[in-house]
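Here is a short report for a reader meeting this structure for the first time. Start with the view below, then read on.

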Amino acid sequence: EKANQHYTFVTNQPDNIFSEPAISKASELTFNAEKFIESLEMFNRLENLANSKWNVLKANTGQMRCNLTLARFDPAIAAAGKIKKSDIANEALIREANYAEGKAYYELNQPEKALHGLKAVSVDTKFEQGAEAKYLVSEIYYKQNKKQAAEDEIMDFISENSPYQFWLGNAFLLLTDIYLDKGDDFTAKHTLKSIVDNYSNETDGIKEEAARKLNEIETKEAAEQKNAVDSSFQLEIKQN
């Protein structure tokens, strides 16, 4: 915090030989302090001042992260595109740029454009962004009524043993919707019961949603069974 005070002091002066390194440091420290609007302004200025490819890349990365966090999706997409064109961006940064681009298009309700970035990231679900992307791809397919494609994505996700249980849990919940759409209530119930019994996190909403959906199915089944009994009783009266 004290270091950032001094770096910020320099950044507030007219441009000089210390401006670029000071803004480079201050933008990073301000971002780490979660002051995203302030850090975004610094990253924008850094891009204009930068004399090295590394600082340009740092500026674009900061712009992408800040804009995505601030739900400024079009600028996030633009920054991600610059990173993907950089000749010094490493594999991890390219993956993050694909994720940011895909997530931004997803939030902008442009699923076809979202798929390109999300599918590129979803190939490795051992990263959190990959796990989220894998789920979002299956969700997009489901909403597009490509239910077999959605199911295939989910089954592939399950087989990969991702450590990110929240996104895997969401995938299982989506899978039950696919089963219900097929009229396979039995398998949907079995899957939901498995989540309720075995999902370890009690606070992220997955278990609660599984219990709600399970109760909904069981309530529907109970009503159908009662109607069947009532119909049978009325038939016996008429026969008598």
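## A buried alanine

Ala-171 counts as buried, because its relative accessibility is 1% and the cut-off for buried is under 20%. This is a predicted model. Ala-171 lies in helix H10. Leaving out residues up to four places away in sequence, Ala-171 touches Tyr-135, Ile-154 and Phe-157.

Met-155 is 16 residues from Ala-171 in sequence. In space, the two C-alpha atoms are 9.0 Å apart.

## The largest nonpolar core

Which residues touch the most other members of the largest nonpolar core? They are Leu-118, Tyr-135, Ile-154, Phe-157, Leu-173, Leu-192 and Ile-195. The core holds 35 residues. Helices H5 (73-85), H6, H7, H8, H9 (147-159), H10 (165-181), H11 (185-198) and H12 (206-239) each give two or more residues to this core. H10 supplies the largest share, eight residues.

Ala-171 has Tyr-135 in its own contact list, alongside Ile-154 and Phe-157.

## The overall build

What are the elements of this protein? There are twelve helices and zero strands. From the N terminus on, the order reads α-α-α-α-α-α-α-α-α-α-α-α.

The C-alpha atoms fill a box of roughly 100 × 35 × 30 Å along the principal axes. The radius of gyration is 25 Å, whereas a compact globule of 240 residues would have one near 18 Å. Take the contacts with a separation of 6 or more: 50% of them join residues 24 or more positions apart.

## Surface and charge

Of the 240 residues, 40% count as buried. The protein exposes about 13,900 Å². Carbon and sulfur atoms supply 51% of that area.

The side chains include 29 positive and 39 negative ones. The centres of the two sets lie 4 Å apart.

H7 spans residues 111-121. Its buried residues are Ala-114, Leu-115, Gly-117, Leu-118 and Val-121.

What do the buried residues of H7 pack against? They pack against helix H6 (91-107) and helix H8 (128-143). One of the buried residues of H7 is Leu-118. Leu-118 is also among the residues that touch the most other members of the largest core.

Lys-213 lies in helix H12. Is Lys-213 buried or exposed? Lys-213 is buried, because its relative accessible area is 9% and buried means under 20%. Its contacts, leaving out residues up to four places away in sequence, are Leu-173, Thr-176, Asp-177 and Leu-192. Leu-173 and Leu-192 are also among the residues that touch the most other members of the largest core.

Lys-58 is found in helix H4 (residues 53-69). Lys-58 counts as partly exposed, because its relative accessibility is 23% and that class lies between the 20% and 50% cut-offs. Beyond residues up to four places away in sequence, Lys-58 touches Ser-24, Lys-25, Glu-28, Phe-43 and Leu-46. Thr-30 is 28 residues from Lys-58 along the chain. Their C-alpha atoms are separated by 14 Å.

## Two asparagines in loops

Where does Asn-109 lie? Asn-109 is in the loop between H6 and H7. Its phi is positive, about 60°, although Asn-109 is not a glycine. Asn-109 is exposed, because its relative accessible area is 65% and exposed means over 50%.

Asn-161 sits in the loop between H9 and H10. Its phi is positive at about 55°, and Asn-161 is not a glycine. Asn-161 counts as exposed, with 63% relative accessibility.

Notes: Residues are numbered from 1 along each chain as its sequence is written. This is a predicted model: local features need pLDDT of at least 70, side-chain atom pairs count only at pLDDT 80 or more; totals for chains, interfaces and linings use all residues. Side-chain values use heavy atoms; hydrogens and water are left out. Buried means under 20% relative accessible area, exposed over 50%, partly exposed in between (1.4 Å probe, protein chains only). Helices (H or I, at least four residues) and strands (E, at least two) are DSSP runs, numbered from the N terminus. Contact means heavy atoms within 4.5 Å. The radius of gyration is taken over C-alpha atoms; the globule rule is 2.2 Å times the number of residues to the power 0.38. Accessible areas come from the Shrake-Rupley method with a 1.4 Å probe; for residues, only the protein chains shown count as cover. Lys and Arg count as positive and Asp and Glu as negative; His and the chain ends are not counted. The place of a charge is taken as NZ of Lys, CZ of Arg, CG of Asp or CD of Glu. A nonpolar core is a set of buried Ala, Val, Leu, Ile, Met, Phe, Trp, Tyr and Cys residues joined through side-chain atoms within 4.5 Å.
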